[in-house]
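Welcome, and please open your viewer.

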Amino acid sequence: MLEVEGLKLYYKTLKGHVKAVDDVSFDVNDGELLGLAGESGCGKSTLGNGLILLKPPMNYFGGMVQLDHTQLPIDDFERMNDFRFSKLSIIPQYAMDALNPTRKIGVYIREVLQSRGIDPESIMDKLLERLKFVNLPERVLKMYPIELSGGMKQRMVMVMSTLLNPSLLIADEVTSALDVSSQKAVCLMIKGFKDAGIVKSLIFITHDISVLYQIADRIMIMYAGKVAEIGKTQQIASNPVHPYTKMLMFSLPEVGIRYAHGILSGIPGQPPQLLNPPTGCLFKERCPLRGKECDEEPPVVNVEEGHIAYCWKVTQNA
Amino acid sequence: MLKATNLSKAYSVGSLGREKFYAVDNVNFEIQEREIVSLIGESGSGKTTIGKLILRLTKPTSGKIVFNDLDITMLKSLKEYYKHVQGIFQDPFSSYNPIFKVDRVFDMVREEFYPSESVNSWKEKVTGVIESIGLNPKEVLGKFPHQLSGGQLQRLLIARALLMETKFLVADEIISMLDASTRIDILNILVKLKERGLSVLFITHDLSLGYYISDKTVILYRGSIMEYGDTEKIFNNSAHPYTKMLLNSIPSLHQKWSNTDASLSGRSAPVGYCKFYDRCPLGDERCKNIELRKVEENHFAACKNV
Amino acid sequence: MSEIMFFAFRNAKLRMGLIIVLFFLLLGIFGPMISKYQDPLDYVGQGYQPPSKEHWLGTTTFGQDVFTQLVYGIRSSFFVGLVGGGIATIIGLVIGFLAGYEGGWLDELLMMLTNILLVIPTLALLIIVAAYLPYRGVFIQSIIIGLTAWPWTARAVRSQTLSLRTREFVNLARISGRSHMKIILYEVLPNMMSYVFMVFILQFGGAILAAVGLDFIGLGPSRGISIGLMLQNAVLWNAIQLGMWWWAIPPGLVITLVVGALYFMNVGLDEVFNPRLREM
């Protein structure tokens, strides 16, 4: 399981610090898929990458990350090598470009394993089994990446990043470039990694909440580098409490909703600058419920069992 | 108002360009006045090519496009046509020349279409139109493209189209790069414009967006139309296996995916077969030379089971 | 446009480059007037003289005044660079833009021409052309250089144009009814300004070097002096080995400074034209 406490990841720029992830706390239990949703610039990708690949201009500014009760030295790029790939792994956003174009895929996998001090032969059986798991024929190992379609390359990367059964797998916007039909297949496949016990916990990062509704056990909504709301999938879907989550979900069209039957409306305004952000709640500029207290840092409210929101206007359910 | 007949666009591929790849393959459709038609397809379906053909950014290999009795397929002088038919593209940041201020797209319209208009009265018009689509002119004019958000940039392009006598708008994935919370407002603007007499070809890969705003829907797969008709009928009584598969794959906030898998079958479609033959669960030897057939009033599908 | 000028003058790199280039340009224009001697080839004093009041940059082995040679040389080198580099840049731009933007058979034709010119050994061509000319001046030399140096510019500009042409703002200009000419001039070219300038710098330096090459094989100006000729003579008469630094160093330094300054201007211009870089 993963525990994150008060994590701060800022980008250093000439003008100052961009607070991409600011004081974020959450956890992911064993056997759980946590969906991480938010709009562009909300810090979701920074968070996902920061947990595994923290490097400048992204900088660590405090907080604690524990994986299976061991503290992760996420600010030490070298020491993280002991954890990367074996304990936690990522499927990057542009997985299609992650393979070395000059190497046959099998050779490349061998090289990667050897560079980690692992004997490739000892893992061959597992590799073939995993290929079957994602519906790839064995012969892809003898092919160059250019011979594979985008979807096949992505599945190949999925196999590689889970080869050592990491405890935590982070999937960063893996489906945003895909068509709906392949999106469904890939999502179910990733969920399958968890269900088959290949990985213990999963963080699935996306901008599309409806995808999370399909596969996630819990959902965390981020806004402007902070957590807005965390809850079980059903809680978020049927009872969103943070004004941002509410408005976001009411702005999503779905098959079944037509303009003629009722106009959806978006959220007016823009997210705030994360370079010198305003104090207090960062959503207040766009929030219809804004009050005086919103200029202060919003409190954590325990809405119900396992459902929290960072907002002044949310009350606890009795 | 706009009618495409047997429209095809082929590209040469292979060594020495001997093989032809049909990005758009014998497509027929018609768009009426005050109508929003969604053109829905996955990547590689040819939807963007159709948009470009209508805007005459590329010429068709065969077939024709007629706009209000004017065949524009091989038209030499397009200026008059562009006064009435305009487009907005997917990437708002690439739609503006990065080294100039955003105002320039408006100045360009004045220079090319209304050179007699004085700078001041044009400025007033621009301000008015920008206000009418819900932007504050002071916040957006005089800015460089990278200083504005994608949503603001796309709205400005809608404003640009409104400055002309636009009757037909090609909107090619115009909100796919925008954030969820600001997307819907742009769709609402399009519907309002439709109510004021504009026709829109709304190109998208997202079925829910198409369902939300359009009167008619065209489902495109690999350059061919699979299903075509009233939006309600296509979504609620879909006749083509491809449409059904798409509807099955959309993630919804209220219903979980059913377990029918959307995986790919390995076979390839022989020449003359339905384009969806390679993935269709119902594919057999009868899937040859299938044309659009009537399912019901204003609803057509290209499948043997219709 | 006024904004671009504003940022241009605020940019230190651009300012510095401009000052150096302007300094030498002025030296080339007015130098001959302040020099004590009118003819750079005249034997005006003793040979082997180090810099002195009489000879600001000393004299050559034969007693010619190095400063006079230098300012005349700067003048003719600037001339060759501007005219030769200018012609090559303009031809390269026109052909590159047309081939890249229009595509189709025009592209094929122009690129065929370009490739043919690329594989013909330029020096052989220059020798033949120069041998047929009864009289050779700096102007003719510049034109010959300009007419042979454009092909790689054309290819580079074409590939840049190809990538810019697929950008949406070009499509937007097309549906705004702009003519092809206007799109190339107002949409594509401004995005390539710093690139064009870099091309010009390289052509400028290339033209000067090509002139040196021609001077060396005896196809230079029938009479006159250039920086290339000076360098060549200095090397020929072992100026360095004989400790005559004042003969060898100044022309080399001038070329280095001028081309270096042009590069500085290029980097500065990139910042001016690209608003993203500007804000840093």
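Which residue forms a salt bridge with A:Arg258? Select B:Glu232: the closest N and O atoms of this pair are 3.3 Å apart. A salt bridge here is a side-chain nitrogen of Lys or Arg within 4 Å of a carboxyl oxygen of Asp or Glu, and the count between chain A and chain B is one.

A word on the model: it is predicted, with local features needing pLDDT of at least 70 and side-chain atom pairs pLDDT 80 or more, while totals for chains, interfaces and linings use all residues. Residues are numbered from 1 along each chain as its sequence is written, chains are lettered from A in the order in which they are written, and side-chain values use heavy atoms, without hydrogens and water.

Next, show chains A and B together. Their contact (heavy atoms within 4.5 Å) takes 39 residues from chain A and 42 from chain B. About 3600 Å² is buried between them, 57% of it on carbon and sulfur atoms; buried area is the accessible area (1.4 Å probe) lost on putting two parts together, summed over both.

Finally, move to chain C and select helices α3 (residues 66–102) and α7 (residues 151–165). Their axes, lines fitted to C-alpha atoms over the stretch in contact, lie 7 Å apart at an angle of about 40 degrees. Among the residues that meet here are C:Gly92 and C:Phe97 of α3(C), and C:Val157 and C:Thr161 of α7(C).

Notes:
Axes are lines fitted to C-alpha atoms, for helices over the stretch in contact, and angles run from 0 to 180 degrees between N-to-C directions. Helices (H or I, at least four residues) and strands (E, at least two) are DSSP runs, numbered from the N terminus.
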